[in-house]
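Please consult the sequence and the structure shown here while reading.

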Amino acid sequence: MKNILYANPFSIFDYTSGSAQSIRLFLENFKNLGHNVYSICSCNCYSKAGFLNTLEVINNHEGNSFIYRGINCKIINSLDWDRRKLSINEEKEFFNETIKLMETIKFDLIIGWGNLNLEESIFKEAKKFGIKICFYLVNPSYLNKEFYLKENSDFIITDSFSTKKLYKNFIKQKIFVLPKCLEKNIPEHINRNNSKNCLIINPSINKGLEPFLFFSKKLEEKRKDISFWLVDGRKTISDDLNYLGYEKEQISKNIVIFPSCRDINKLYLNVRMVLLLSIWHESGSRIILESYSNGKPVICFDVGGNKEFIKKNTKDIFKPPKLYKDRNSRLRIKSWNFEDMLSRVCFLVDNDNYYNKYSESIFNSNKAIDINTKFNSRLLQFIQNI
């Protein structure tokens, strides 16, 4: 039995963040395998919705220290929801409480996935306690940068072989690949519908907002019957539109914008397919697994680990646009041949018999129970190395 600690100011209860969900489920599965698991975080999130959900979790447990699905949780209060705005006093309290926890419990492993100064300070203290450090590496932006976890991690885990390959000549330590796992509330039976709605979730600039705006405009010209449900869970669309030179009124009329949604499965029930138009290295997208476990095809670019997650459904993965970096080093589209993707979307909408069989095949090949069993098998292999 191992004692495992996750110490990061970013809340594991931010349901608008795939990273937060991955970490929380990761910890839950450690617990399910018989280990003692502890988490210390603050209320900081990617969104105000995540912040409010964290406060609700605190209120439901009548305090900042509680057990959630077997995880021993402690939350440090923070006044601002923005994960970049932890105050100096809040950082100090977070650091002191984490050290106190490490003094009380003999931990075998501490898990982290960022390079904030606060985290680095905590990892340095963990080394003094003889605690092994596990770096959860699912972000391409660490490449060719020097940071504490690069040289001082005892273990590095990621969620795709693509990301492992990306870093293989930059990071010396062995990188373990652990697939994603899913919540237990995924539907057990496929839900059929005849909608012509396409779902896209939190499309930031890196995650494909620019190609989506272009694509939706082109589709509006050809197929006014097809609509797009855009989930703006982090309320970043207005700022990103402004950065790209759009007014909100200029976007296509076939786009319906939704706020954050706690139970994303409710949206999957009423869409035909899902768009994942990330233009950067998408390490291992939770959206693909969630969509597939609901029997929904995913239309995406061949970037990062998408091909691994798409598997045999290669008709749904497309060559990405040609890109350039603007003066702020943000990825932008230089040119893109969108016709093949447009044809595929229309084909999936127009051919009910094909779609129903395809959807059934996707659903049967991606049952949540099978995905989670595979994850736990890999997790057991990893634990044996601690």
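## Basis of the values

The model is predicted, and local features require pLDDT of at least 70, side-chain atom pairs count only at pLDDT 80 or more, and totals for chains, interfaces and linings use all residues. Residues are numbered from 1 along each chain as its sequence is written, and side-chain values use heavy atoms, with hydrogens and water left out.

## Salt bridges

Side chains of opposite charge can pair when their charged atoms come close. A salt bridge is taken here as a side-chain nitrogen of Lys or Arg within 4 Å of a carboxyl oxygen of Asp or Glu. By this rule the model contains 22 salt bridges. One of them joins arginine 262 to glutamate 56, with an N to O distance of 2.6 Å. Arginine 262 lies in the loop between strand S11 (255–258) and helix H9 (265–268), and glutamate 56 in helix H2 (residues 48–60), so this pair ties together parts that are 206 residues apart in sequence. Helices (H or I, at least four residues) and strands (E, at least two) are DSSP runs, numbered from the N terminus. Glutamate 56 is partly exposed, at a relative accessible area of 32%; the classes are buried under 20%, exposed over 50% and partly exposed in between, for a 1.4 Å probe and protein chains only.

Lysine 74 and glutamate 97 form a salt bridge at 4.0 Å, N to O. Because lysine 74 lies in strand S4 (residues 71–76) and glutamate 97 in helix H3 (residues 88–104), the pair ties together parts that are 23 residues apart in sequence. Lysine 74 is partly exposed, with a relative accessible area of 26%. In the salt bridge between glutamate 146 and lysine 150, the N to O distance is 3.7 Å. Glutamate 146 is exposed, at 63% relative accessible area, whereas lysine 150 is buried, at 8%. Shared partners also link Arg24, Glu28, Arg69 and Glu183 into one network of salt bridges.

## The second largest pocket

A pocket is an open set of points on a 1 Å grid over the protein atoms alone, where a 1.4 Å probe fits, with protein on both sides within 12 Å along at least five of seven lines; lining residues have an atom within 4 Å of a point. The second largest pocket has a volume of about 290 Å³, a volume being the space filled by probe spheres set on the points, which are joined across faces, edges and corners.

Its lining comprises 17 residues, and Pro179, Glu308, Phe309, Lys311 and Lys374 lie nearest the centre. Helix H11 (306–310) and helix H14 (368–383) each supply at least two lining residues, and H14 gives the most, with four.

## Two buried residues

Asparagine 44 is placed in the loop between strand S2 (36–42) and H2. Asparagine 44 is buried, at 1% relative accessibility. Its side chain reaches the backbone oxygen of aspartate 80 at 2.9 Å. Residues in contact with asparagine 44 (heavy atoms within 4.5 Å), not counting those up to four places away in sequence, include Pro9, Ser78, Trp81 and Leu86.

Tyrosine 38 is located in strand S2 and is buried, with a relative accessible area of 18%. Not counting residues up to four places away in sequence, tyrosine 38 touches Ile4, Leu5, Tyr6, Ile71, Asn72, Leu101, Ile105 and Phe107. Tyrosine 38 and lysine 124 are 86 residues apart in sequence, and their C-alpha atoms are 19 Å apart in space.

Conventions: Polar contact = N/O pair within 3.5 Å; in protein donor to acceptor, adjacent residues only side chain to side chain.
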